[in-house]
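Dear colleague,

I am passing on the structure that follows, together with some notes on what turned up in it. Please read the notes with the model open beside them.

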Amino acid sequence: MPLNIIVIDDSPIQLLISSKLIQQNKRLKLLGAFTNPFLGLKAIHTMEVDIVLLDVEMPEIDGFSLKRMFKKPVEVIMNSTRPIFELQAYSHGAIDFIKKPLSTEQLDSSISKVMHEDSFFRDQKKVRVALAS
């Protein structure tokens, strides 16, 4: 079953590149692509989103501030043209950071991290249930 993903990026070109790469990935289902971060935030709260590919630098609000507004737990992959934001992305709870422009290899690597973490937490839950029995 593919993971549901949305993209939030103020650059229409980056949004197009990201969307095409996501659509080519069989492990992902693109639910939406937003240049307006607040429409993306609304989608997170109203749709079954598993992953957000989130731009760091946007004119209305930066990706770190927007992430703090998420009311649902979703995995976040942050991206920027400036690698200086990588450490900050991890400190804000991103599962991965991708330097733009996005490539198939980078996206695959990030999705593998998401799937590995999801599998780990599912296994932990199984262990807790088994121990409680």
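Predicted model: local features only at pLDDT ≥ 70, side-chain atom pairs only at ≥ 80, totals over all residues.

Which residues cover the two faces of S3? On one side stand Ile51, Leu53 and Asp55 and on the other Val52 and Leu54, and all of these are buried, where buried means under 20% relative accessible area, exposed over 50% and partly exposed in between, with a 1.4 Å probe and protein chains only.

Residues are numbered from 1 along each chain as its sequence is written, and side-chain values use heavy atoms, with hydrogens and water left out. Helices (H or I, at least four residues) and strands (E, at least two) are DSSP runs, numbered from the N terminus.

The sheet. An open sheet of 5 strands runs in the order S2-S1-S3-S4-S5 with parallel pairing; two strands count as paired if DSSP finds at least two bridges between them. Strand S2 (28-34) and strand S5 (96-99) stand at the edges with a single partner strand each, so one side of each is left without a neighbour in the sheet. On average, and with direction ignored, neighbouring strands of this sheet are turned by 20 degrees against each other, the axes being lines fitted to C-alpha atoms, for helices over the stretch in contact, and the angles running from 0 to 180 degrees between N-to-C directions.

Strand S1 (residues 3-8) pairs with strand S3 (residues 51-55) in the parallel sense over 4 bridges; Ile6 stands opposite Val52, and Ile8 has Leu54 as its bridge partner in S3. S3 also pairs with S4 in the parallel sense, over 5 bridges, and there Val52 has Val76 as its bridge partner. Helix H1 (residues 12-23) packs on the sheet, touching S1, S2 and S3 (contact means heavy atoms within 4.5 Å), and its direction makes about 165 degrees with that of S2. Helix H2 lies across S1, S2 and S3 and runs at about 160 degrees to S1.

Asp55. This residue of strand S3 has a relative accessible area of 3% and is therefore buried. Its side chain is joined to that of Lys100 by a polar contact of 3.0 Å, that is, a pair of N or O atoms within 3.5 Å, of which, within protein, one must be able to donate a hydrogen and the other to accept it, residues adjacent in sequence counting only if both atoms are side-chain atoms.

His45. Located in helix H2 (residues 37-46), His45 counts as partly exposed because its relative accessibility is 27%. His45 and Lys71 are 26 residues apart in sequence, yet 6.8 Å apart in space, C-alpha to C-alpha. The backbone oxygen of Met69 lies 3.5 Å from a polar atom of the His45 side chain.

Aromatic rings. The search of the whole structure finds 1 aromatic pair, where rings of Phe, Tyr and Trp (its six-membered ring) pair if their centres lie within 6.5 Å, with planes under 30 degrees apart counted as stacked, over 60 as edge-to-face and the rest as tilted. The ring centres of Phe64 and Phe85 are 6.2 Å apart and their planes stand at 50 degrees, so the pair is tilted. Both Phe64 and Phe85 are buried.

Best regards
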